[in-house]
Amino acid sequence: MPRGFNGPQMIGGVLLVGLALGGLWLNQAHELGTFRRMGPGYFPMLVFLAMAVVGIAIAVADGWRRPAAVERTNWRRFAAAVAAPVAFGLLIEPLGLAVAIAATTALAALTTGKARPLRIIGLVVFLTALCWMVFVSALGIGIALFPALG
Amino acid sequence: MLDNLALGFAVAATAENLAACFAGAMLGTAIGVLPGIGPITTISLLLPLTFGMDPATGLIMLAGIYYGAQYGGSTTSILMNLPGEVSAVVTTLDGYKMARQGEAGAALAAATIGSFIAGTLATLLIAAAGPALAKVAMLFGPPEYFSLVLLGLIGSAVLGQGSALKSIAMMLGGIGLGLVGTDLQTGEQRFTFGIDQLYDGIGFTVMAVGLFGIAEVIRCMTTPDAAGTGVTPLTRLWLTPRQWRRITAPVLRGSGAGSLIGMLPGGGASLAAIAAYALERRVGRNRRLLGTGAIEGVAAPESANNAAAQTGFIPLLSLGIPPNAVMALMVGALMIHGIQPGPRILETQPTIFWGLIASMWLGNIMLLFINLPLIGLWVRLLRIPAALLYPSILVLCCMGIYSMNHAALDVFLAVAFGIAGYFFVRAGYPPAPMLIGFVLGPMLEENLVRSMLLSRGEWRIFVERPVSAGLLLLALLAVAGVAVGMWRRRRPGGVRHGPDVD
């Protein structure tokens, strides 16, 4: 069994230690207090110290582990999958439900190889109707269906 | 107990709550049946729908979603060999083989009937054990609670799936995220960076939907489509008298093991199913047939995971401690309704406690009907192409999050959690402990501060009080057990890397 030191694999543990140090640095803003009367900074300090210790342990353990096979990410699909909900957040307020759903659905459909335009249009109409019925009509949440003109 | 159950049925049997239970079980099954989507994801996705409801109704619906999703996952495992989550992996071992041998109907029937029996037994256990445990918990002071929460945290990190160290790291990360917001003791703002929306802390739903819902959808969308292929044909959905006899003992053993494991910190449905299968392998009369398509191999784990799904509510409702990530979601849901889970829930909210228990049993009857006669509907659902399915789930996710506060920021935060969750799983960091840490962290801090006030800064209070010392000893044993296990695996020849599944 090949066993050797592998630097790049330590990244997870190193990031954790970094996070812990960042947390400790931010925590300076809060008073520590004493055992008897703990200030708002006491518990966070314990948490970040523990995190630093665990981070070091993970870095050491991972550094000596055989590299695990990592599934490769299809970055084009990943970008579309992330862009879809972001588009929803950006469009829902200025342009209303229908446009936001259309953009989200279209972007999400990009992640599946063969997207048929007619199918997607049908899906947009269906989802818009469904969301309007469930959220606006039944749950009474005030969201505009279409952009206000004028 | 009978009076209380009568009260429960009075609550659960109102038209509104019956409808909520049915809708939850139906929706849970529908989403849980989808390949790759397990109960945690299903509940996260549907959580926002329940916020507008009356607390009891909302919780009844969430519970329905939970066991619905649990059942739904077994359907996919048996018919398609595609487990939604770990608890269903075990079911594929014999269930899919049975389906290939033309016994799909019998396998589904065994899973459903076993689950129903287990659910009934677990409901009775909750009704008996819940109030007793709550009475004990009423005597707990801050030191006992601190030790209990610590045990819960450590137990769920080391007993759960994946690397114990990485689970602890995620749990600490969750506690860290739980620090954001206003400090309960002093009212001071911590880690809010002056952003108004963070004064109340990070939104629980935003985190859950992102970490489990969106991350899961991203994963499904970026991996080549596995869905929509190879559904085995259905056969008669019932058991022969011989099969009835074969499943009786496994169902009872599964119910027992599942009920016990469901209450343990870090236990939950997955571990219950695995343990029940292992038990069957050891003591079952047909143990040599397991793995070749034996009906016992379906009945035992399916009974166990359903029993565990229900007994998980015992520590949640009586002690206020969620034993696993699904129950942590339930804590979040309760708190959003303004209910503090804990021993006092029985006194202050008896309708919620007993109503939920009664509805679980009614829900199990409903699932019997949802699953056996309607199985054709779920099979058809499996044939929906991914190109339509995942965009729909994503849109509903976004709608759900946005509708809570009318805040686009919530959607962006959820996406950030989704991206993080995707990479966490890829790097072998299980996301479930993060949710548990997030929920239990504030309880840990509060009880630590109060214990120290009580003892005038004397740490020995935790070991001088017997109950607290016992709980800490259990936590220590859990850690020691894992350390021994890790050391054994490190020895030559002992290294075994299984696929990382969350």
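In this predicted model, begin by selecting B:Tyr71, B:Ser74, B:Thr75, B:Leu108, B:Ala111, B:Thr112, B:Ser115, B:Glu302, B:Asn371, B:Leu372 and B:Ile375, which line the largest cavity. Here a cavity is a set of points, on a 1 Å grid over the protein atoms alone, where a 1.4 Å probe fits but cannot get out, and lining residues have an atom within 4 Å of a point. Next colour α4 (55-80) and α6 (104-137) of chain B, the elements that give two or more residues to this lining; helices are DSSP runs of H or I with at least four residues, numbered from the N terminus. The largest share, four residues, comes from α6(B).

The largest cavity has a volume of about 70 Å³, a volume being the space filled by probe spheres set on the points, which are joined across faces, edges and corners. Its lining has five nonpolar, five polar and one charged residues, where Ala, Val, Leu, Ile, Met, Phe, Trp, Tyr, Cys and Pro count as nonpolar, Asp, Glu, Lys and Arg as charged, and the others, Gly among them, as polar.

Now move to the second largest cavity, which holds about 50 Å³ of space. Of the 10 residues that line it, select the closest to its centre: A:Ala109, A:Arg119, A:Ile120, B:Ala387 and B:Leu388. Two or more residues each come from α3 (75-109) and α4 (117-138) of chain A and from α18 (386-405) of chain B. By class, this second lining has seven nonpolar, one polar and two charged residues.

In total, four cavities of 30 Å³ or more are counted.

Residues are numbered from 1 along each chain as its sequence is written, and chains are lettered from A and ligands numbered from 1 in the order in which they are written. Local features need pLDDT of at least 70 and side-chain atom pairs count only at pLDDT 80 or more, while totals for chains, interfaces and linings use all residues, and side-chain values use heavy atoms, with hydrogens and water left out.

Key
On a 1 Å grid over the protein atoms alone, a cavity is a set of points where a 1.4 Å probe fits but cannot get out, and a pocket is an open set with protein on both sides within 12 Å along at least five of seven lines; lining residues have an atom within 4 Å of a point.
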